[in-house]
Amino acid sequence: MIKEAEDRGTKVVRIGDTRGANTRKEAPALLIDPPLDIQAMQEEIFGPILPIIPYDIVEEAMAFVAQRSAPLALYIFTDKHAERDAWLNKSLSGGVCINETSFHVVADSMPFGRVGYSGMGAYHGKAG
């Protein structure tokens with residue numbers, strides 16, 4: 001996914017570098033404003049790759065999310081209650097975290113996923 005993004009002209013910011021190392025590890029990589037038709041933007045990513053899609057206003061970001069299949073998880077970072085509530089009321093995802101990223105892993109007795117394309121099976125808990 002990273003190579004395809006680079007080949008298509010995406011700016012890739014690596015956090016560390018494992019290229020050339022005799023390891024099966026991949027350093028985290030940020031894909032800055034990638035084309036929407038590359039693999040990293042078409043599939044769920046279970047690895048250290050984070051596409052970054054810039055936006056100017058929150059409504060633009062909400063429209064971007066709404067135009068696609070419901071994501072497995074949605075992470076909202078804001079201190080504005082109205083913005084948080086708008087995301088919660090106007091979006092659909094397998095799970096939502098507000099101002100944090102690891103609660104899905106910590107709450108291992110709760111099912112994870114179950115919405116749209118991301119709802120095929122369950123990640124953990126009794127439903128898994």
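Which residues is A40 in contact with, leaving aside its neighbours within four places in sequence? The legends below take up this question first; the model shown is a predicted one.

View 1. Leaving aside neighbours within four places in sequence, A40 is in contact with M1, L31, I45 and P51. A40 belongs to the largest nonpolar core, a set of eight residues that also takes in I2, A5, V12, A29, L31, I38 and I49. Helix α1 and strand β2 each supply at least two residues of this core. Apart from it lies another core, made of seven residues, among them V58, A61, M62 and A86. In soluble globular proteins, nonpolar side chains tend to be buried together.

**View 2. The buried side of helix α3.** Helix α3 spans residues 58-66, and its buried residues are V58, A61 and M62. These residues lie on the same side of α3, because they cover an arc of only 100° around the axis. The buried residues of α3 pack against helix α4, which runs over residues 81-90. V58, A61 and M62 are also among the members of the seven-residue core, as is A86.

**View 3. T10 in the loop between α1 and β1.** T10 is found in the loop that lies between helix α1 (residues 2-7) and strand β1 (residues 11-14). With a relative accessible area of 9%, T10 is buried, because the cut-off for a buried residue is under 20%. When neighbours within four places in sequence are left aside, T10 is in contact with A5, L31, I32, P34 and P35.

**View 4. A salt bridge within helix α1.** The structure holds five salt bridges, one of which is formed by K3 with D7, their closest N and O atoms being 2.8 Å apart. Both K3 and D7 lie in helix α1, where they are four residues apart, or about one turn of the helix. K3 is exposed, with a relative accessible area of 55%, and D7 is likewise exposed, with a value of 56%. Side chains of opposite charge can pair when their charged atoms come close.

View 5. The side chains of R8 and D37 meet in a salt bridge, with a distance of 2.9 Å from N to O. This pair links distant parts of the chain, since R8 lies in the loop between α1 and β1 while D37 lies in the loop between β2 and α2, 29 residues apart. R8 counts as partly exposed, at 41% relative accessibility, whereas D37 counts as exposed, at 52%. Elsewhere, salt bridges that share partners join E6, R14 and E26 into one network.

**View 6. I15 and its contacts.** I15 is found in the loop between strands β1 and β2, and at 49% relative accessibility I15 counts as partly exposed. Although I15 and A27 are 12 residues apart in sequence, they are 6.1 Å apart in space, C-alpha to C-alpha. Not counting residues up to four places away in sequence, I15 touches A27, P28 and L30.

**View 7. Two loop residues with positive phi.** D33 has a phi near 55°, a positive value in a residue other than glycine, and is found in the loop between β2 (residues 29-32) and α2 (residues 39-42). N99 also has a positive phi, near 60°, and is again a residue other than glycine; N99 lies in the loop between β5 and α5 (residues 103-106). D33 is partly exposed, with a relative accessible area of 47%, and N99 is partly exposed too, with a relative accessible area of 44%.

View 8. L88, V96 and I98 make a nonpolar surface patch of about 200 Å². Of these residues, I98 lies in strand β5, which covers residues 96-98. I98 counts as partly exposed, at 33% relative accessibility.

Terms used:
Residues are numbered from 1 along each chain as its sequence is written. This is a predicted model: local features need pLDDT of at least 70, side-chain atom pairs count only at pLDDT 80 or more; totals for chains, interfaces and linings use all residues. Side-chain values use heavy atoms; hydrogens and water are left out. Patches are made of residues with over 30% relative accessible area and no salt bridge: like charges are joined within 9 Å, nonpolar side chains (Val, Leu, Ile, Met, Phe, Trp, Tyr) within 5 Å. Accessible areas come from the Shrake-Rupley method with a 1.4 Å probe; for residues, only the protein chains shown count as cover. A salt bridge is a side-chain nitrogen of Lys or Arg within 4 Å of a carboxyl oxygen of Asp or Glu. Buried means under 20% relative accessible area, exposed over 50%, partly exposed in between (1.4 Å probe, protein chains only). Contact means heavy atoms within 4.5 Å. The arc is that of the directions from the helix axis to the C-beta atoms. A nonpolar core is a set of buried Ala, Val, Leu, Ile, Met, Phe, Trp, Tyr and Cys residues joined through side-chain atoms within 4.5 Å.
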